[in-house]
Amino acid sequence: MKNIKKIQLGQNGPFVSKLGLGCMRMSSVWGGPTPDETESIATIHEALDSGINFLNTGDFYGAGHNEMLIGKAIKGRRDDAFISVKFGAIFHNGQWLGMDLRPIAIKNFINYSLTRLGIETIDLYQPSRMDDSVPVEDIIGTVADLVKEGKVRHIGVSEISADQLRKANNTHPISALEIGYSLAERQIETELLPTAKELGIGVVAFASTAEGLLTGELKAPLATDDYRNHFSRFQGENLVHNLQKVEVLKQLASDKGYTPTQLAIAWVNGQGDHMMPLVSMSRRSRLPENMAAMDIVFSSEEMNTLNTTFAIGAILGGTYLQR
């Protein structure tokens, strides 16, 4: 087993691998075929064998398919895995309808998740985003009751404002904040990230390549059937401008002997000991590359180049936040 670095989630929270495995791509979430289940399970097994124990899912990923898949993968290996589950999003026929974070709904969701996963306790349980119709205190208070019942070990939050994060943490200690964060998506540095750091909350950062923008593989314009055409970041002159910025990342990656994706992950990793890159994978072949990214070190000059090129506002247009 590789001696992978650890991160502590919360001031008195658990220690988990500093690289997290996002399992969403192992299920069909936005429609389309379901990935090869055998390969997905093998990917989870190899991740666990490599010391990556943080497995991230949502009860709405593939309408429960993702949780059942993870349940199969961790059977007989429960102690090797730290299971993080998001809840509250309502889908119908692949379409997102909104959130349901009423206490009665949360108490329903948790039992379905435990059954699908085949476990007695979820390690980290978190609303996938806030529901403005339900007070933050009621949402977190309900999950806190689940902690008392032994169904949940730690509480997280996702896609939340700094003010909401304070309210949540005042209700019950929050261990982790899951949020989109990358070179191309840095707006949360102004309020949300400083608040999380002040409160001692670990940050689980997804979308490190900003929907593929930072992979260095995109060309303008995108294919007409590409889902990213819905995001203004990938449209017209915005995409042309943004890809010019990515050229700097591509050149630096080439100079260092890595891929742009690896540098994008490494930059997130380098933002602090409280920061975990959460990388989605569904194939074992991706593991070595993504794990190697965790060992990349930037010189002060290289970090300055990236931070200047990808300063807040440097990337034009919106992303997943406008879904």
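Guide: Let us begin with L287, which touches T43, E46, A47, I52 and M281, when residues up to four places away in sequence are not counted. Please keep in mind throughout that this is a predicted model.

Visitor: What makes L287 count as buried or exposed?

Guide: The relative accessibility of L287 is 2%, and buried means under 20%, so L287 counts as buried. L287 lies in helix α9, and although L287 and T43 are 244 residues apart in sequence, their C-alpha atoms are 8.0 Å apart in space.

Visitor: How do you know whether E39 is buried or exposed?

Guide: E39, whose place is in helix α1, has a relative accessible area of 18%; the limit for buried is under 20%, and E39 is therefore buried. Leaving out residues up to four places away in sequence, E39 touches S282, R283 and R284.

Visitor: Which word describes how α1 and α2 lie to each other, and why?

Guide: The axes of helix α1 (residues 37–49) and helix α2 (residues 65–73) come within 9 Å and cross at roughly 60°. Under 35 degrees would count as roughly parallel, over 145 as roughly antiparallel and 65 to 115 as roughly perpendicular, with the rest oblique, and α1 and α2 are therefore oblique to each other. Their crossing is right-handed.

Visitor: Which residues of α1 and α2 meet?

Guide: On the side of α1 they are E37, S40, I41, I44 and H45, and on the side of α2 they are H65, L69, I70, K72 and A73. The residues of this contact of α1 with α2 divide into five nonpolar, three polar and two charged.

Visitor: Why does the spacing of residues along a helix matter for the way they point?

Guide: An α-helix has 3.6 residues a turn, so residues three or four places apart point the same way.

Visitor: What makes the arrangement of α7 and α10 parallel or antiparallel?

Guide: Helix α7 (residues 236–256) and helix α10 (residues 300–309) pack at an angle of about 165°, with their axes 10 Å apart. Angles over 145 degrees count as roughly antiparallel, and α7 and α10 are therefore roughly antiparallel to each other. The crossing of α7 and α10 is left-handed. In this contact, K245, V248, L249, L252 and K256 of α7 meet E302, T305, L306 and T309 of α10, and by class there are four nonpolar, two polar and three charged residues.

Visitor: Why is helix α8 called largely enclosed by the rest of the structure?

Guide: Helix α8 (residues 260–269) has 10 residues, and 10 of the 10 are buried, so α8 is largely enclosed by the rest of the structure. Among the buried residues of α8 are P260, L263, W267 and N269, and what covers the buried residues of α8 includes β11 (202–206), α7, β12 (275–280), α9 (287–293) and α10.

Visitor: Why is the pair of Y227 and F231 called edge-to-face?

Guide: The count of aromatic pairs comes to eight. The ring centres of Y227 and F231 are 6.1 Å apart, where a pair needs centres within 6.5 Å. Their planes stand at 85°, and planes over 60 degrees apart count as edge-to-face, so the pair is edge-to-face. At 42% relative accessibility Y227 counts as partly exposed, whereas F231, at 7%, counts as buried.

Visitor: How do you know whether A63 is buried or exposed?

Guide: Its relative accessibility is 71%, and exposed means over 50%, so A63 counts as exposed. A63 lies in the loop between β4 (54–58) and α2, and phi of A63 is near 55°, a positive value in a residue other than glycine.

Note on methods
Residues are numbered from 1 along each chain as its sequence is written. This is a predicted model: local features need pLDDT of at least 70, side-chain atom pairs count only at pLDDT 80 or more; totals for chains, interfaces and linings use all residues. Side-chain values use heavy atoms; hydrogens and water are left out. Axes are lines fitted to C-alpha atoms, for helices over the stretch in contact, and angles run from 0 to 180 degrees between N-to-C directions. Helices (H or I, at least four residues) and strands (E, at least two) are DSSP runs, numbered from the N terminus. A crossing is left-handed if the near helix is turned anticlockwise from the far one by less than a right angle, and right-handed if clockwise. Contact means heavy atoms within 4.5 Å. Ala, Val, Leu, Ile, Met, Phe, Trp, Tyr, Cys and Pro count as nonpolar, Asp, Glu, Lys and Arg as charged, and the others, Gly among them, as polar. Rings of Phe, Tyr and Trp (its six-membered ring) pair if their centres lie within 6.5 Å; planes under 30 degrees apart count as stacked, over 60 as edge-to-face and the rest as tilted. Buried means under 20% relative accessible area, exposed over 50%, partly exposed in between (1.4 Å probe, protein chains only).
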